[in-house]
Amino acid sequence: TPAQSRPRTAHRDLAGSPFLAAARGRRPARLPVWFMRQAGRSLPEYRALREGVPMLQACFDPEMIAEITIQPVRRHGVDAAIFFSDIVVPLVAAGIDVDIVPGTGPVVAEPVRDAAAARRLPELDPRRLEPVLDGTRLLVERLGQTPLIGFAGAPFTLASYLIEGGPSRTFERTKALMHSEPEVWHDLAGRLAGIAVTFLRGQVEAGADAVQLFDSWAGALTLREYREFVLPHSARVLGAVADLDVPRIHFGVGTGEILPAMREAGADVVGVDWRVPLDEAVRRLTAHGEPAPVVQGNLDPALLQASWPVIEAEVRRIAAEGRAAAGHIFNLGHGVPPGTGPEVLTRVVELVHSLEG
Ligand code: CP3
């Protein structure tokens, strides 16, 4: 039988967490850091554990979830763990035929491209998430004083995989559908918002201490498109976890033009990629008199391949620029590339920890 859900804080004292302090807009003694995609192929211990186990099988195995999530915490001493899963896991749990193909990403057997297909999209029965949430429950027992970040894919990014059938650079079918058949688009995005809400609420009720909504590909949209077609659905997702009282991080790549709209969707923390310096991101986020934001980011993942003096200078520049914000959580501008040397990440953590929050 699945572990019973329990009060979120039963096992943990997170009062001293620099990650949670920064996420709440405070300045902890030292700068907190974690890395998107910190759990994964950059770690030899991850590759060893995953040997012969398909990605989606690992994502429904509570012991695998817990161990893979903890690996980067153990090795690098990061200030937060991110739940090992994938944005398509709740789609799989809902019964949608999607696979994760190594080296490619999510591939959908029957792409959703018309009203009938959108209507056939199943709801997510929370009971189908139990093996995944058992992983969350194991984690909160094992993580000690390290907070756990739960996550979900935002409706636009999820829809882009369902409509295109797999990864895309141009999002042609997705944009064509949203403009040509807006009712079909809104029906589909609404259903995906519902699935994301069930996934996020499940994780927080099982013990996650913060959530990140990944709208990784929203930067492909104009501000007008984002406001009309995406913001209402993402706002519904973020709004639906507001009562759970965990910080909500909202992230995408290439989102310089839409950062204020992403904040408006209900973000407590705005994730910024490497293209916009953090002080400039703060200017854009406060251009109309808004209070200073909390930002997360934004070392260019490509520079993890550069020499150490280059990386050190970048980390120091980013930390200095982040001082314009109410709080700063150090991270990359996107995920850890699989070929990254793990020692580099450990060294970045040590350097960030030597800097003031
Ligand atoms: O460490 C973490 O950040 C937690 C785990 C995590 C994974 N996927 C594991 C994973 C998270 C948060 C995600 C989210 C995710 N998945 C996003 C949003 C974040 C982002 O990168 O923008 C997206 C767009 C996906 C879809 C997806 N899944 C892609 C593009 C890929 C890569 C395909 C490849 O092999 O290059 C995946 C697969 C995936 N998700 C892997 C991992 C560890 C690799 C699978 C493997 O090891 O075989």
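## Strand order in the sheet

Two strands pair if DSSP finds at least two bridges between them; strands (E, at least two residues) and helices (H or I, at least four) are DSSP runs, numbered from the N terminus. In this predicted model, 7 strands form an open sheet with parallel pairing, in the order β1-β4-β5-β6-β7-β8-β9. Its edge strands, β1 (81–82) and β9 (327–332), each pair on one side only.

Strand β8 (residues 294–299) joins β9 in the parallel sense over 6 bridges. Within this pair, Gln 296 is opposite Ile 329 of β9.

## Ligand surroundings

The ligand is surrounded by 24 residues, counted where the C-beta atom, placed from the backbone, lies within 6 Å. The closest are Ala 39, Gly 40, Gly 105, Phe 214 and Ser 216.

By class, the shell holds 11 nonpolar, 9 polar and 4 charged residues. Ala, Val, Leu, Ile, Met, Phe, Trp, Tyr, Cys and Pro count as nonpolar, Asp, Glu, Lys and Arg as charged, and the others, including Gly, as polar.

## Confidence and conventions

The mean pLDDT (the predictor's confidence in each residue, from 0 to 100) is 96 for the chain, and 97% of its residues reach 70 or more. Over residues 1–6, however, the pLDDT is below 50. Where pLDDT is low, the predicted coordinates should not be read in detail. The model scores are ipTM 0.93 and pTM 0.96.

Residues are numbered from 1 along each chain as its sequence is written. Because the model is predicted, local features need pLDDT of at least 70 and side-chain atom pairs count only at pLDDT 80 or more, while totals for chains, interfaces and linings use all residues.

Terms used. Two residues are in contact if their C-beta atoms, placed from the backbone, lie within 7 Å.
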